[in-house]
Amino acid sequence: MTREELEALGMTKEQINGTLDMYHKEHDPVQKEFDTVKADLAAAQEKVKTHEGTIKGLKKDLEEFKDADVSGMKQKIEDLEKDIKAKDADYQQQIADRDFNDVLKDSINAAHGKNAKAITALLDVDTLKASKNQKEDVAAAIKVLSEAEDSKMLFGEAEPKPAGTGDPIGGVGGTGAKPQADSLIGALTERYNSK
């Protein structure tokens, strides 16, 4: 109902305002609720369309796997997981072995070990690897070997390296030795300068 329709009926301005106020008082809340329900319905219909699309997609995916051997796939996954765990354990063991070998090498060098293989053979390597404090335990075991009568010869200062060029034809140079002439001119010069 509009103001024009009420004026056409011959109502006064006050009567029209009163009638429209009563109409809007009753009609506006109902219209608002109707609009809300309409929006909720549109949202629900959109959800239904989305769910229908998802269901169709899932049915299509299931069709692709209907002939699949699920137990075989599970077994394959379990085998792959075991493989990964085994490789990870092997990798961790390699790292632990490398770290232990570094500790062992450093400790032998610090104790002036002459032959690392011989010293390592005398150690209980498995017990030392299992130790919680490898560095201190390896050092203690090497100290015991360096003080024991039957193994102390494996420790000491390193052999001195000869000084000089190490020329196999000529002499080995060093402290106090004159260098040899290595050409005819050098030999003649040395011969005549020594007079």
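Start with His112. Select it in the loop between helix H3 (70-110) and helix H4 (116-122). Helices here are DSSP runs of H or I with at least four residues, strands are runs of E with at least two, and both are numbered from the N terminus. The model is predicted, so local features need pLDDT of at least 70, side-chain atom pairs count only at pLDDT 80 or more, and totals for chains, interfaces and linings use all residues. Residues are numbered from 1 along each chain as its sequence is written, and side-chain values use heavy atoms, with hydrogens and water left out.

Check the backbone of His112. Its phi is positive, about 60°, although His112 is not a glycine. Most residues other than glycine have a negative phi. Is His112 buried, exposed or partly exposed? At 41% relative accessibility, His112 is partly exposed. The cut-offs: buried is under 20% relative accessible area, exposed is over 50%, and partly exposed lies in between (1.4 Å probe, protein chains only).

Step back to H3. His112, with its positive phi, comes just after this helix. How far apart are the end C-alpha atoms of H3? They are 60 Å apart, which agrees with the 60 Å that its 41 residues should span at 1.5 Å a residue. The expected span is 1.5 Å times one less than the number of residues.

Now select Phe100, Val103, Leu104, Ser107 and Ile108. These H3 residues are buried. Show H4, H5 and H6 next: they are included in what covers the buried residues of H3. Contact here means heavy atoms within 4.5 Å.

Move on to Ser131. This residue sits in the loop between helix H5 (125-130) and helix H6 (134-147). Ser131 counts as buried, at 15% relative accessibility. Where does its side chain reach? It reaches the backbone nitrogen of Asn133 at 3.1 Å.

Finally, zoom out to the whole chain. The protein has seven helices and zero strands. Of its 195 residues, 9% count as buried. Among contacts between residues at least 6 apart in sequence, 47% join residues at least 24 apart.

How values were computed:
Polar contact = N/O pair within 3.5 Å; in protein donor to acceptor, adjacent residues only side chain to side chain.
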